[in-house]
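Please inspect the sequence and the model before working through the solutions.

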Amino acid sequence: MRFSKATCGFYPESEHYPTLPVDLINITEAEYAQAMQLRAGEALDVIDGALVIVPAPVPAVADVLATAKTNGLARIANYSKSKRAQIAGTTDDGEIAGWTYKLQIAQAIGAGTATVAEIAAFQSEIDARGIIGETMAIFCQKVLRNAAFYAQAVGLIDGVKRRAQDAVNTASTPDPVEAALAAAKLQAEAAFAALMQGTPT
């Protein structure tokens, strides 16, 4: 087996090539096998006519910390989003955003200030749900109850999220980043378990 640093290629003697690099060196099958199993960041070089595996560069401490913080903040954001979806019962951001509008309609109906179009929109949803005995008043109460529950859940999520973000942002080494993530998850899971026991229907 032969190797060219110029092309970073291997050239078996059994193969015919129209032209060959001028910097070819002979290598053993063992060296070739090692070269085929490079780990991330490692590279091949030729030093004093011999094939050498160059170790991956050791990242700077600041870079390691920056990467840990970036990954940690991303994991916090993803976890918070998944919990919102779990409590909301949907991953549809548009549907979740529409809840604020539904709350406003329910409040307007209760106050007697809803428009004909708003009342018709609620009535259409009631008819589509097809729940026996569900009146406009009952449906509005459900909307108000669900809105209160979701507001409490979002407040919990945001509180845990910001606490974890603060801990990650102030970390001086990667270890506190992992500790902050683990603590936030434990706190969130315990709080969510208690919260979900009172999930409205």
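**Exercise 1: a pocket**

The second largest pocket holds about 200 Å³ of space. The model is predicted, with local features requiring pLDDT of at least 70 and side-chain atom pairs pLDDT 80 or more, while totals for chains, interfaces and linings use all residues. Residues are numbered from 1 along each chain as its sequence is written, and side-chain values use heavy atoms, without hydrogens and water.

Task: determine which element gives the largest share of the lining of the second largest pocket.

Solution. Step 1: the lining comprises 15 residues, and I76, Y79, L181, A184 and K185 lie nearest the centre. Step 2: two or more lining residues come from each of helix 2 (61-88), helix 5 (136-169) and helix 6 (174-196). Step 3: helix 6 gives the largest share, six residues.

**Exercise 2: a helix pair**

Task: classify how helix 4 and helix 5 lie to each other.

Solution. Step 1: helix 4 (residues 116-129) packs against helix 5 at about 95°, the axes being 10 Å apart. Step 2: because angles of 65 to 115 degrees count as roughly perpendicular, helix 4 and helix 5 are roughly perpendicular to each other. Step 3: in the contact (heavy atoms within 4.5 Å), I119, F122, Q123, E125, I126 and R129 of helix 4 meet M136, F139, C140, K142 and V143 of helix 5.

**Exercise 3: one residue**

Task: is Q104 buried, partly exposed or exposed?

Solution. Step 1: Q104 belongs to helix 3 (residues 93-111). Step 2: buried means under 20% relative accessible area, exposed over 50%, and partly exposed in between (1.4 Å probe, protein chains only). Step 3: Q104 has 47% relative accessibility and therefore counts as partly exposed.

Notes: 1 Å grid on protein atoms, 1.4 Å probe; cavity = no way out; pocket = protein on both sides within 12 Å on 5 of 7 lines; lining within 4 Å. Points joined across faces, edges and corners; volume = space filled by probe spheres on them. Helix = DSSP H or I, 4+ residues; strand = E, 2+ residues; numbered from the N terminus. Axes fitted to C-alpha atoms, helices over the stretch in contact; angles between N-to-C directions. Parallel < 35°, antiparallel > 145°, perpendicular 65-115°, else oblique.
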